[in-house]
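Subject: Structure handover: cavities and pockets

Hello,

Please find the structure below. My notes on its cavities and pockets follow.

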Amino acid sequence: MIQRKFNLPKSNSFFLFGARGVGKTTLLQQRFNKESAVFLDLLDVELFDQLLLDPGRFKALINSPENVQKRVIVDEVQKLPKLLDLVHLEIQKTKRQFILTGSSSRRLKQHGTNLLAGRAWVYNLYPFIYFEVEDQFDLKKVLEWGTFPEAFLAQSKEGAREFLNAYVGTYLQKEIQQEQWVRNLEPFRRFLAVAAQMNGQIVNKSKIAREVGIDDVTVANYFEILEDTLIGVTLPAFHQSVRKSQRQSPKFYFIDTGIKRALEKTLTVELLPQTSAWGEAFEHWFILEVFKNASYQRLDWEFSYLRTKDDVEIDLVIERPGQPRLLLEIKSKTHIQEGDAKALETLGKDTDPRAEKWLVSNDPVEQPFGSTRVLPWQKALKDLFDD
């Protein structure tokens, strides 16, 4: 069984959000047994109907003689936002630990829920990270199929493909529609395909709107849905001025390389080293690794990308409180040469002479090129995150 590199509070109440299928329930079942916790799954139709008709039954269930001393775990709490009022009162009254999972906080926010006014911390769970599957890690497999548990642990390529196709066909489309976040499914389906094709590129809402047949406002709303459901992350543009950076368009990355490939219908296309598709997938995956690890370790880092008007680019700029800014360039090459560090050397001086500069790649040799540190990607992750 794969152990998640995820520290959970032992006594404080918390929300655990994550896209469906990332392993929230499995994680909690690993950490808490039935002797110490009462599990209430709102995907259980009978339980859901009971609590929908009579929310007061929730108190009776958790305060029954066999449960009153246990922590309370409520799966998919967003399906009954009104339960949070009862949870709030119970936390104030008893200081008992409540663990509340959901695939999104969007519905809770739409109902005006305040996420328990800070009395419950908020955590996000994502598909597997490298440190969780290090012994089973295969870069080609991960770039092609991603790290959603069911795809990563599939016994065959066909099994991984079936899961990913079913996932994007049911969850990303039908379930989002069932939550009434999207009234018309067809434009959203077209948007997902276009967004996947533009993964990692600077977002051009007008271009997407024209291709999908919707307006810019709807495009912005669709991207917001993907972020709120933890299916993707936005990477803003870097600028010394916050106001100017907000005027520049961000990039968008789906949270998993396999999901991205399923949406653009390229799962049957083998990824080959030394191709542009391989390089894009490697950059996509590594940026996600940095993002997910920073989230798990509760690091107060801020991320952006840097591109000049001459199209010279730094893939990732990391603001680390108390540490120098880190400029990070990602290349899939297995043999790095001095010219590969040119953008870092040039922009590093212009942007922040004190910044650290790393070039991360598949080259196994660690070496300096000027003031740029060339690192194998494994070493880079360990230096950034390994305790």
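The largest cavity holds about 50 Å³ of space. A cavity here is a set of points, on a 1 Å grid over the protein atoms alone, where a 1.4 Å probe fits but cannot get out. Points are joined across faces, edges and corners, and a volume is the space filled by probe spheres set on them. Lining residues have an atom within 4 Å of a point.

This is a predicted model, in which local features need pLDDT of at least 70 and side-chain atom pairs count only at pLDDT 80 or more, while totals for chains, interfaces and linings use all residues. Residues are numbered from 1 along each chain as its sequence is written, and side-chain values use heavy atoms, with hydrogens and water left out.

**Cavities**

The structure has 2 cavities of 30 Å³ or more. The lining of the largest one includes A195, M198, F223 and F252. By class, that lining has 7 nonpolar, 3 polar and no charged residues. Nonpolar means Ala, Val, Leu, Ile, Met, Phe, Trp, Tyr, Cys or Pro; charged means Asp, Glu, Lys or Arg; the others, Gly among them, are polar.

The second largest cavity holds about 40 Å³. Its lining residues include D256, W285 and K292. The classes there are 4 nonpolar, 3 polar and 2 charged. Helix 14 (residues 276–296) gives the most to this lining, with 3 residues. Helices (H or I, at least four residues) and strands (E, at least two) are DSSP runs, numbered from the N terminus.

**Pockets**

A pocket is an open set of points with protein on both sides within 12 Å along at least five of seven lines. About 600 Å³ of space lies in the largest pocket. It is lined by 26 residues, and N124, Y126, E227, V233 and F291 are the closest to its centre. Which helix gives the most to this lining? Helix 14 does, with 5 residues. The lining has 15 nonpolar, 5 polar and 6 charged residues.

The second largest pocket holds about 420 Å³. Of its 23 lining residues, N199, K260, A277, E280 and A281 lie nearest the centre. Elements that give two or more residues to this lining include helix 9 (185–197) and strand 9 (313–319). Helix 14 supplies the largest share, 5 residues. By class, the count is 7 nonpolar, 7 polar and 9 charged.

Best wishes
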